[in-house]
Amino acid sequence: DAQVGFFAALLFGLNPFVTFLARQGQFEATLVFFLSLSILFLLEAQEGDSMKHAAFAGLSVGAALMTKLYVGLGIPLVYFLWIVSNHSHRKKSSNSVEQTARPTLALHHLDRKKKLWSALGVLLVAAFVVAAPWHVYMTIEHGNSDPLFFIESSALFERTIHGVEGNVKPLEVLYFINQLFVLFPFGVAWFGHGLYRVLREKRPSWDLLGIWFLVFFLVFSLMRTKLAVYLLPMLVPASLIAAREITKVTLGAYSRRGAAIFLAGTLLSVLWASSQAWRNATKSVISRFLHLQLPASSEITTFLPLFVLASCVVGVWYLSVRKGWIEHLRPAIPYLLFVPS
């Protein structure tokens, strides 16, 4: 609803990482616009003329392909996986329906399935119409008609398997998990729980957003070349899902303990995001303990303020659950998240 959309816009639009990149004149902000637009049209396709909206989604995907190489192809993949997931869930649901209702239900299910696959075809054709002419021309003009010209020029395999330009991170597959806490501290706790609920509930529109996040998250996590900017397309569905949970908690949907846990988790995320020195010291202390070594005094001195503040957050969380403070804080939770931003 409008409140979820408003909170999501604040979570995304007030994010310093997002506003910085939007002012840099880089293509990432434009790419995210076209990716988001394509998902919007796919969501609207569930409500109205599916073929028309699928064509608009395809045009948006084509524009994304003209903005940043290959990334736009993630949207057709998301939609494909969503169709498979949606069809599988509906098939299981139909098995529980009474025998007398099955013929009608089966016909409706088959008709919907055909429409979804047709919409995917329309999307791909529209994207091809936008992106193919320039890619074909460049392949002929500069790639000696080599069909692998763009793959070789972009070092796609090298980026995926070996990593390029020194952008292989020590955290490897955990890199973007850490980046979510660093670059999305006000929403990450709500989003984590919200994604779990979205995948359990199997509501089609929210399911599409969950799959959107997971596809981009998994693909970029498996690639060895990693940049923080790759997180940007993931922050749109993350903001929407987090905003849904924030709205729910203000309406009393969470228990006292649950609301306090996620508010405390948000505060801990903010602490983690607030200082690179604290993060480095924490990693060093943990590494030394794992190797049965004592941390250096400089590491302890740097780590100590984070430990004290985190202990204070845990203490306040415990008191809020015992004393019921969270009930008074529920209506103010969005302001606690957005005023600092």
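How many salt bridges does the structure hold? The structure holds ten (a salt bridge is a side-chain nitrogen of Lys or Arg within 4 Å of a carboxyl oxygen of Asp or Glu). Several stops below visit them.

**Before starting**

This is a predicted model, in which local features need pLDDT of at least 70 and side-chain atom pairs count only at pLDDT 80 or more, while totals for chains, interfaces and linings use all residues. Residues are numbered from 1 along each chain as its sequence is written, and side-chain values use heavy atoms, with hydrogens and water left out.

**Whole chain**

Show the protein chain as a cartoon. It has 17 helices and zero strands (DSSP runs numbered from the N terminus, with H or I of at least four residues for helices and E of at least two for strands). Along the principal axes, the C-alpha atoms fill a box of roughly 60 × 60 × 40 Å. Of the 341 residues, 43% are buried (buried means under 20% relative accessible area, exposed over 50%, and partly exposed in between, with a 1.4 Å probe and protein chains only).

Select residues 50-65, which form helix 4. The 16 residues of this helix should span 22 Å at 1.5 Å a residue, and the end C-alpha atoms are 22 Å apart, which agrees (the expected span is 1.5 Å times one less than the number of residues). Buried residues of helix 4 include Ser-50, His-53, Ala-54, Ala-57 and Leu-65.

Next select Glu-44, in helix 3. Glu-44 is partly exposed, at a relative accessible area of 33%. From the C-alpha atom of Glu-44 to that of Ala-54, ten residues along the chain, the separation is 8.9 Å.

**The largest pocket**

Select Leu-69, Tyr-70, Val-71, Phe-220 and Met-223. Of the 26 residues that line the largest pocket, these lie nearest its centre. The pocket has a volume of about 740 Å³. A pocket is an open set of points on a 1 Å grid over the protein atoms alone, where a 1.4 Å probe fits, with protein on both sides within 12 Å along at least five of seven lines; lining residues have an atom within 4 Å of a point. Grid points are joined across faces, edges and corners, and the volume is the space filled by probe spheres set on the points.

Which helix gives the most to the lining of the largest pocket? Helix 11 does, with five residues. Helices 3, 5, 8, 11 and 12 each supply at least two lining residues.

Side chains of opposite charge can pair when their charged atoms come close.

- Select Glu-172 and Arg-224, whose side chains meet in a salt bridge at 2.6 Å, N to O. Glu-172 is in the loop between helix 8 and helix 9, and Arg-224 in the loop between helix 11 and helix 12, so the pair ties together parts that are 52 residues apart in sequence. Glu-172 is partly exposed at 26% relative accessibility, and Arg-224 is partly exposed at 29%.
- Select Asp-207 and Lys-202, joined by a salt bridge at 3.8 Å, N to O. Asp-207 is buried at 2% relative accessibility, whereas Lys-202 is partly exposed at 27%.
- Select Arg-244 and Glu-245, joined by a salt bridge at 3.2 Å, N to O. Arg-244 is buried at 4%, and Glu-245 is buried at 0%. Salt bridges with shared partners join Arg-197, Glu-201, Arg-244, Glu-245 and Lys-248 into one network.

**A nonpolar patch**

Select Leu-171, Val-173, Leu-174, Ile-177, Phe-181 and Leu-222, which make a nonpolar surface patch of about 520 Å². Patches are made of residues with over 30% relative accessible area and no salt bridge: nonpolar side chains (Val, Leu, Ile, Met, Phe, Trp, Tyr) are joined within 5 Å and like charges within 9 Å. The areas come from the Shrake-Rupley method with a 1.4 Å probe, and for residues only the protein chains shown count as cover. Ile-177 is in helix 9, residues 175-183, and is partly exposed at 36% relative accessibility.

**Two loop residues**

Most residues other than glycine have a negative phi. Select Asn-144, whose phi is near 50 degrees, a positive value. Asn-144 is in the loop between helix 6 and helix 7 and is exposed at 71% relative accessibility. Finish at Glu-165, with a positive phi near 55 degrees. Glu-165 is in the loop between helix 8 and helix 9 and is exposed at 67%.
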